[in-house]
Amino acid sequence: MSVTEKDSLALLEKKCKVDQAPRQKNIAISPNLKSKYNSAEFQYEVKLSEKSAWDKFKEWLAYWFKKIFGLSDTKVSSNYVEITLKVLAGLIVIYVVYLIVKLILNKEGQWVFGKSTTKKIISDDDIEKNLVHVDFEKLLKQTLNENNHRLAIRYYYLWTLKKLSERNVIEWHVDKTNTDYLYEIQSKDLKNNFQYLSYLYNYIWYGEFEMNDITFKQAQKAFENTLQSIK
């Protein structure tokens, strides 16, 4: 080593400060060190939550809203989706409430577990099975307003059977025939009237005879006279 190099090395040693502090012993690591730094404030990685099926569905709708309606961006499209879904949810709730109210109340405002109405418990096909519950005056009023003469004759005849049964003139049963009822009637005049009404009923209802206003008025008068005579 040259003299110059030795002088430079000596000068460098003088400038450098040598650490004269005593050497520290090994520091023991606490066993709960990991749990100590496991709190939220020491979490530096952002964990993205996985999207639910509902979120994916809304994103899908937003995509199509944007594409179909030419919306400016995805955010605007998502807002439209949220509004649309809320409106649909409201309409569904209203419809469900309507169905519940319709079940609870019939069209005349009576509770279903109250007294049954004619329109509630029967139809034209099974009216004979529920004869005692039928309000024929109401049915006839509606039928006459509709000018349905054939159906009116049917109601007149069934109303006659109902009144005969209520007065214990006949014993009504759904399987009985008009001839069965005819044999049960004791009054001669009433028997003759009932036989004529049965003829009209069979001819008009089952024979599908088309009546004009005059022939219907004649048949209607015959039924109403008989109904008034049944006491």
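**Close-up views of a predicted model**

**View 1. Glu166 pairs with Arg167 in a salt bridge.** The closest N and O atoms of Glu166 and Arg167 are 3.8 Å apart. A salt bridge here is a side-chain nitrogen of Lys or Arg within 4 Å of a carboxyl oxygen of Asp or Glu. This is a predicted model: local features need pLDDT of at least 70, side-chain atom pairs count only at pLDDT 80 or more, and totals for chains, interfaces and linings use all residues. Residues are numbered from 1 along each chain as its sequence is written, and side-chain values use heavy atoms, with hydrogens and water left out. Glu166 has 45% relative accessibility, so it counts as partly exposed. Arg167 also counts as partly exposed, at 35%.

**View 2. Lys176 meets Glu184 in a salt bridge.** How many salt bridges does the structure hold? There are two. In the one shown here, the side chains of Lys176 and Glu184 come to 2.5 Å, N to O. Lys176 is partly exposed, with a relative accessible area of 27%. Glu184 is partly exposed too, at 23%. Side chains of opposite charge can pair when their charged atoms come close.

**View 3. The chain is built from ten helices and zero strands.** From the N terminus on, its elements run α-α-α-α-α-α-α-α-α-α. Helices (H or I, at least four residues) and strands (E, at least two) are DSSP runs, numbered from the N terminus. The chain has 231 residues, and 24% of them are buried. Among contacts with a separation of 6 or more, 47% join residues 24 or more positions apart. Contact means heavy atoms within 4.5 Å.

**View 4. The largest nonpolar core has 33 residues.** A nonpolar core is a set of buried Ala, Val, Leu, Ile, Met, Phe, Trp, Tyr and Cys residues joined through side-chain atoms within 4.5 Å. Which residues have the most contacts inside this core? They are Phe136, Ile153, Leu161 and Phe194. Two or more core residues come from each of H6 (136–145), H7 (149–166), H8 (178–184), H9 (188–206) and H10 (213–229). H7 gives the largest share, ten residues. Another core, of five residues, lies apart from this one; Ala62, Phe65, Val81 and Leu85 are among its members. In soluble globular proteins, nonpolar side chains tend to be buried together.

View 5. H3 covers residues 53–69. Its 17 residues should span 24 Å at 1.5 Å a residue, and its end C-alpha atoms are 24 Å apart, which agrees. The expected span is 1.5 Å times one less than the number of residues. Which residues of H3 are buried? They are Lys58, Leu61, Ala62 and Phe65. An α-helix has 3.6 residues a turn, so residues three or four places apart point the same way. Helix H4 (74–104) is part of what covers the buried residues of H3. Gly70 follows H3, with a positive phi near 65 degrees.

**View 6. Asn178 makes a polar contact with Asn202.** Asn178 lies in helix H8. The two side chains meet at 3.5 Å. A polar contact is a pair of N or O atoms within 3.5 Å; within protein, one must be able to donate a hydrogen and the other to accept it, and residues adjacent in sequence count only if both atoms are side-chain atoms. Beyond four places in sequence, Asn178 is in contact with Tyr157, Phe194, Ser198, Tyr201 and Asn202.

**View 7. Thr143 is buried in helix H6.** Its relative accessibility is 4%. The Thr143 side chain reaches the backbone oxygen of Leu139 at 2.7 Å. Not counting residues up to four places away, Thr143 touches Asn148, Leu151, Ala152 and Tyr155. Thr143 and Tyr155 are twelve residues apart along the chain, and their C-alpha atoms are separated by 9.0 Å.

Terms used:
Buried < 20%, exposed > 50% of the residue type's maximum accessible area, 1.4 Å probe, protein only.
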